Amino acid sequence: MKQLLLLTAILLTGCMDVEIELDAKSPERTPTETVSLYVDNFNNANVKALNETTASPFFWLLGEEKNVYDKYGDSVDFQALQNNGWSYSKINSLELIYEDSETSMVHMNFSRYGADDQVILTASANYLLMNYDNNWKIKGGFASTKISIGKD
């Protein structure tokens with residue numbers, strides 16, 4: 001009986017070590033948390049942080065328009081967005097569509113607001129994320145309709 005208990009304890013200890021090892025290798029943020037952080041960085045117009053949460057090159061497929069940029073910061077013009085009435089964006093919903101160890105897809109519905117807190121746009125976009133050194137980064141985004149990023 002003691003041998004059986006000892007064997008069980010050894011097996012359980014081995015399983016716990018494997019589980020801890022797997023947790024240590026998992027990304028710090030989930031794909032949906034990464035997209036949420038992206039929106040926070042977008043609202044702060046923090047291009048440096050946006051470049052850190054996205055991968056290079058970065059792509060947009062918006063409606064029939066397709067663009068590839070050396071880095072995310074090259075794709076957005078915050079001054080133009082503000083000139084068109086944008087003040088901040090808010091996530092309405094996030095949905096993890098797909099995830100494996102290397103890639104994931106997140107669907108986001110969001111609204112853009114003006115300085116008067118009135119909705120100026122509600123849209124949906126899908127984001128492709130890739131796992132780089134246990135860090136989810138947004139590789140690109142696509143939507144069936146054109147969503148302005150200030151470069152138009």
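Trainee: How many helices and how many strands does the chain have?
Mentor: Helices (H or I, at least four residues) and strands (E, at least two) are DSSP runs, numbered from the N terminus. From the N terminus on, the elements run α-α-α-β-β-α-β-β-β-β. The chain therefore has, by these definitions, four helices and six strands.

Trainee: What kind of model is this?
Mentor: Residues are numbered from 1 along each chain as its sequence is written, and side-chain values use heavy atoms, with hydrogens and water left out. Local features need pLDDT of at least 70 and side-chain atom pairs count only at pLDDT 80 or more, whereas totals for chains, interfaces and linings use all residues, since the model is predicted.

Trainee: What percentage of the residues of the chain count as buried?
Mentor: Buried means under 20% relative accessible area, exposed over 50%, and partly exposed in between, with a 1.4 Å probe and protein chains only. The chain has 152 residues, and the buried part of them is 32%.

Trainee: Which residues have the most contacts inside the largest nonpolar core?
Mentor: A nonpolar core is a set of buried Ala, Val, Leu, Ile, Met, Phe, Trp, Tyr and Cys residues joined through side-chain atoms within 4.5 Å. The largest one has 26 residues. Two or more residues each come from helix 2 (31–43), strand 1 (54–62), helix 4 (78–83), strand 4 (103–113), strand 5 (119–131) and strand 6 (136–143). The residues with the most contacts inside the core are Tyr38, Phe42, Trp60, Tyr72 and Tyr127.

Trainee: How many aromatic pairs does the whole structure hold?
Mentor: Rings of Phe, Tyr and Trp (its six-membered ring) pair if their centres lie within 6.5 Å; planes under 30 degrees apart count as stacked, over 60 as edge-to-face and the rest as tilted. Ring pairs link Tyr38, Phe42, Phe58, Trp60, Tyr72, Phe78, Trp86 and Tyr127 into a cluster. For aromatic pairs, a search of the whole structure gives eleven.

Trainee: What is the geometry of the pair formed by Phe58 and Trp60?
Mentor: Both Phe58 and Trp60 are buried. Their ring centres lie 5.2 Å apart and their planes stand at 75°, and the pair is edge-to-face.

Trainee: Why does the pair of Phe78 and Trp86 count as tilted?
Mentor: Phe78 counts as buried at 10% relative accessibility, and Trp86 does likewise at 4%. Their ring centres are 5.9 Å apart, and the pair is tilted because the angle between the planes is 35°.

Trainee: Which residue in strand 6 stands opposite Leu62?
Mentor: Two strands pair if DSSP finds at least two bridges between them. Strand 1 and strand 6 pair in the parallel sense over five bridges. Strand 6 is mostly covered, with six of its eight residues buried. Opposite Leu62 in this strand stands Ala143.

Trainee: How far apart in space are Phe59 and Ser75, C-alpha to C-alpha?
Mentor: Phe59 lies in strand 1. Contact means heavy atoms within 4.5 Å, and beyond four places in sequence the contacts of Phe59 include Asn67, Leu128 and Phe142. Phe59 and Ser75 are 16 residues apart in sequence, and their C-alpha distance is 8.4 Å.

Trainee: Why is strand 4 described as largely enclosed by the rest of the structure?
Mentor: Strand 3 (residues 88–99) pairs with strand 4 in the antiparallel sense over ten bridges, and the two form a hairpin with three residues between them. Eleven bridges join strand 4 to strand 5, also antiparallel. Strand 4 is largely enclosed because, of its eleven residues, the number buried is nine.

Trainee: With which side chain does the side chain of Asn109 make a polar contact?
Mentor: Asn109 has its place in strand 4. A polar contact is a pair of N or O atoms within 3.5 Å; within protein, one must be able to donate a hydrogen and the other to accept it, and residues adjacent in sequence count only if both atoms are side-chain atoms. At 2.9 Å, the partner of the Asn109 side chain is that of Ser124.

Trainee: Which residue in the turn between strand 5 and strand 6 has a positive phi?
Mentor: Strand 5 and strand 6 run antiparallel and are joined by six bridges, with Asn126 opposite Phe142. Their hairpin has four residues between the strands, and a positive phi of about 50° belongs to Asp133.
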